[in-house]
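Please find below a short note for a colleague who is opening this entry for the first time. It may be read with the sequence and the model side by side.

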Amino acid sequence: MKTSEIREMSREDIIIKIAELQDELFDLRMQKATAALEKPHKIKEIKKTIARMKTILTEMTSEGGNK
């Protein structure tokens, strides 16, 4: 997911999407532990997306506090 797409989302949508991605990341880690993971690059991709979303969420929060 691109940064511009995330910035267009509302805070609630971002929080919901982060929760969904964390669940997906958990599932991928379980697959990795049982040697059933087909696409190992997905773990890194999801972790980066979660970090990107959390960063933008923090920016939104700090911008709201300054106004």
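The points below take up confidence and then the salt bridges.

1. This is a predicted model, in which local features need pLDDT of at least 70 and side-chain atom pairs count only at pLDDT 80 or more, while totals for chains, interfaces and linings use all residues. Residues are numbered from 1 along each chain as its sequence is written, and side-chain values use heavy atoms, with hydrogens and water left out.

2. The chain has a mean pLDDT (the predictor's confidence in each residue, from 0 to 100) of 92, and 96% of its residues reach 70 or more. Among the helices (DSSP runs of H or I, at least four residues, numbered from the N terminus), α2, residues 11-33, has the highest confidence at 96, whereas α3 has the lowest at a mean of 90.

3. Two salt bridges (a side-chain nitrogen of Lys or Arg within 4 Å of a carboxyl oxygen of Asp or Glu) are found when the whole structure is searched. In one of them, Glu 59 meets Arg 7 at 2.9 Å, N to O; because Glu 59 lies in helix α3 (residues 41-66) and Arg 7 in helix α1 (residues 3-7), the pair ties together parts that are 52 residues apart in sequence.

Technical notes
Helices (H or I, at least four residues) and strands (E, at least two) are DSSP runs, numbered from the N terminus.
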